[in-house]
Amino acid sequence: MRRFLRELISTGLYLFLREDREGELRVLTYHRVNRTSPKDRLSVHTDSFRKQMLYLARKGYHTLTAEDLSEILRQKRPIPRRSILITFDDGYRDNFTDAYPVLREFGFKATVFVATELVGKTHDGHPMLRWNEIQEMTTGGISLGSHTARHVYLNEVSPETGRRELEDSKRLLETKLGQNVRSFCYPFGDLDGESVAWVKGAGYDIAFTTRPGPVQQSTDPFWVSRTEVSGFDTLFDFRKKLAGAFDWLHRFVQRKKKRERKIGPIPVLYVIWSLGLGGAEQVVLTLAKGLDRRRFKPLVACLNEPGRYAGVLEREGIRVISLHKKGKFDFSIIPKLIRLIREEKIQIVHTHLWGGNVWGRIAAFIARVPVSIATEHGIQEWRGALHRLIDRVLAKVSNRVLFVAESVKEDFCRMTGVSPQKCFVIPNGVDLERFSPAQDPKALRKRLGLPAEGKIALSIGRLSPEKKFDLLISALRSRLLEGELHLVIIGSGREEKNLLALKERFGLDGRVQLFSEQGELEPFYGAADCFIQFSSREALSLALLEAMASGLPVIASAVGDHPKVIRDGVDGFLVPAGDTGELLRKLRILFEDSKAGVWIGQKARETVRLRYSKERMIRETENLYEELMRHD
C-alpha cells in the first residue's frame with residue numbers, strides 16, 4: 001500500500017512539474033554502480049545507470065563538476081538550463097570499473113567524494129577505490145572531493161576531531177592528486193552550523209548535503225541539496241526525480257529518521273547460545289568488548305546459560321542476559337527476545353551459530369529491528385533439507401549474512417541457494433597484545449604442571465569427532481611413548497571419555513594431558529613448542545590464529561580457509577586432512593631445525609598482524625553496522 005501511494009503521489013506531482021525548470025539544477029547522488037550487489041538503495045545496476053545517462057544525453061543535458069557549480073554560485077551567475085551534476089559518495093571501486101566507462105561513453109563529467117582512510121580497503125564488504133584509479137579518473141573529467149578521512153558523523157565528534165577529519169582528508173587528496181581540492185560532502189548528511197564552520201575553516205569552497213531539492217542561484221554553497229538515485233528506481237522514477245516529484249517523500253523520510261535516530265551509542269544485541277570456549281563465542285566476546293562505546297552500546301543475550309566467560313563482559317560494564325531456553329522447541333524464547341529488544345531499544349541484532357541465527361532473526365523481524373545480521377561460523381554436517389530451507393527463508397529478512405571464512409560462504413550459498421550478493425566475509429580476528437610470544441616458557445611449564453624438558457605439542461578445540469583428536473593421538477603414539485614429545489589437548493565435549501580410554505589403552509598417561517575449558521589460554525601457547533590442528537572439517541580455526549599470533553609454528557589440516565591463511569613452509573605447515581604420515585614428516589622437519597621453528601613462528605605472527613587482527617575484524621564490523629544503519 002505504501003509503495004502504491006508513493007507511486008501515485010509522485011506521478012501526480014510529475015504531471016505538474018518540469019524536469020528542466022529555468023534557473024534550477026539537480027545534483028544526483030549515487031553510491032555503488034555494478035552488476036553484482038544485491039538490489040538496495042545504494043546499489044544501482046550498471047545497465048540501469050547506463051539507461052539513465054542515455055536519457056540525460058538524449059534530452060540534451062550537459063554535466064558540471066562540483067568546482068563548476070562552486071564558481072556559478074560564487075559569482076551568482078544564472079544556472080545554465082539542462083545542466084546536471086552527478087556525484088558519487090564514499091569512493092567505491094565500482095565507480096571506476098563500472099560507472100566511469102559509462103560516463104566516458106557519453107562524455108559526462110562527475111564528482112566523487114572520497115573518505116581517504118577507506119582508499120584501497122573494504123567497506124561494507126565492498127572494495128574501495130585505489131589511489132592509481134582515483135588519479136586516472138581525474139584525467140578523464142572526474143573531479144575529487146573530500147568525504148572526511150574516516151567517514152564520521154560530524155555532529156558526534158569533538159571540534160578537534162572534526163577539524164582534523166576535514167583537514168587531513170583535504171591534505172592527503174591534494175598530495176596524491178597534485179591539485180587543490182575544493183569540494184566536500186557531509187557524511188550521512190550530518191551537519192549543523194558548527195560543522196559548516198569547520199568546512200569553511202578547512203578551505204573548502206562548496207559542500208553538499210543529503211537534503212532533497214534543486215539548486216538555485218541563491219543557494220548557499222555550503223548547504224547544497226542533492227537528489228538520491230536508488231537501486232529500486234525505474235527509468236520513470238528517475239525522470240520523476242529530475243522533476244522533483246520525490247522531494248516531498250525524501251523530506252518526510254529524513255525528518256522521520258532524524259526523529260527516530262538515537263543520538264549517542266547505537267544499541268547492538270548479540271544473540272548466541274552461551275559464552276563458552278568456542279571460536280564463535282570468542283568472536284562475540286571480542287566484538288562486544290572492542291566496539292567503540294561512543295558509537296555503539298553492546299548487549300549479549302545467551303539463549304541458554306551465560307557460560308564461563310560472561311563475567312569477562314560484565315566486568316567491562318556489558319550486560320549479559322540469560323534466557324534459559326528449555327528444550328529444542330521452546331518458542332517462548334521469541335517473546336523473551338522481542339521484549340528485550342523493545343526494552344533496550346535495540347537497533348542492530350547480530351546473531352551467531354545455528355540457534356542464535358534462527359531465534360534471533362525471527363525476533364528481530366517481528367520487532368522490526370532496523371538491522372539484522374547473522375554470522376555463520378561453519379556449516380555443520382547435521383544440517384538437512386529443513387535447516388537449509390530455514391536458512392534460505394531467514395536470509396530474506398536479514399540485511400546481511402556474514403561468514404568467518406570464504407569456504408563457509410561458498411558452502412552456504414551452494415547448499416541453501418542464498419545469493420552470494422547478500423553474503424560477506426569478515427574473518428576472525430585475534431588480540432595481538434593478549435597473544436604474544438612468551439618471555440619465559442619454562443616458568444609457564446612449571447606453573448601449568450607440564451614437563452620441563454622435551455617438546456610440547458598443543459591442540460585446542462571442541463572434543464567432537466570432526467576435530468580428530470583420536471587420530472592425532474594415534475599418529476603421535478610412537479613419539480609420545482619414546483618420551484621425546486608431550487601432547488596437551490584443551491577442550492570439552494562428547495569425545496572426552498573416548499579420548500581418555502584411548503590414552504589409557506595406549507599407555508600414554510603422563511604423555512598426553514587433557515584440560516577442560518580454560519579461562520586463560522595464553523600460558524599454554526607460551527609453554528608449547530608447536531600447535532597442531534588436525535580437523536577433518538574446519539572454517540577458520542580461531543585457536544590456530546591465536547597460536548600463530550603467539551609466535552608458535554603451526555601444523556594444520558588443509559581444510560576450510562587454512563590454505564588461504566598459511567603459506568606451507570613459510571608461516572606454518574599444511575597437511576592433507578587425515579594424512580598422519582605427512583603430519584609426522586612436517587613435525588620432524590620442525591623439531592630437527594629449531595631455528596626454522598622460530599623463523600616460521602615469527603612469520604606466522606606477522607601474517608596475523610597484517611590480515612587477522614582483532615582491530616581489523618572490529619573495524620570492518622563497525623563499518624558494516626554504520627553502513628546498514630545509514631541505509632536500512
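The open sheet has seven strands in the order E16-E15-E14-E17-E18-E19-E20, with parallel pairing; two strands are taken as paired if DSSP finds at least two bridges between them. Strand E16 (320-322) and strand E20 (423-425) stand at the edges with a single partner strand each, so one side of each has no neighbour in the sheet. On average, neighbouring strands of this sheet are turned by 25° against each other, direction ignored.

This is a predicted model, in which local features need pLDDT of at least 70 and side-chain atom pairs count only at pLDDT 80 or more, while totals for chains, interfaces and linings use all residues. Residues are numbered from 1 along each chain as its sequence is written, and side-chain values use heavy atoms, with hydrogens and water left out. Helices (H or I, at least four residues) and strands (E, at least two) are DSSP runs, numbered from the N terminus.

Phe403 has Val425 in E20 as its bridge partner.

Which strands does helix H25 touch? Helix H25 (residues 614-630) packs on the sheet and touches E14, E15, E17, strand E18 (371-376), E19 and E20, contact being heavy atoms within 4.5 Å. The direction of H25 makes about 150° with that of E18; axes are lines fitted to C-alpha atoms, for helices over the stretch in contact, and angles run from 0 to 180 degrees between N-to-C directions. Helix H10 (residues 279-290) lies across strand E14 (266-272), strand E15 (296-302) and strand E17 (348-352), running at about 165° to E14.

Let me turn to the cysteines. With a disulfide defined as a pair of cysteine sulfur atoms within 2.5 Å, the count is zero. Cys413 is in no disulfide, and the nearest cysteine sulfur, that of Cys423, is 3.8 Å away. Cys413 counts as buried at 12% relative accessibility, where buried means under 20% relative accessible area (1.4 Å probe, protein chains only). Cys302, at 0%, is also buried.

Finally, strand E5 (residues 83-90) has eight of its eight residues buried, so E5 is largely enclosed by the rest of the structure. Strand E1 (residues 24-30) runs parallel to E5 over five bridges, and Thr29 has Thr87 as its bridge partner in E5. Strand E4 (residues 62-64) pairs with E5 in the parallel sense over three bridges, with Leu64 partnered by Leu85.

Key: Buried means under 20% relative accessible area, exposed over 50%, partly exposed in between (1.4 Å probe, protein chains only).
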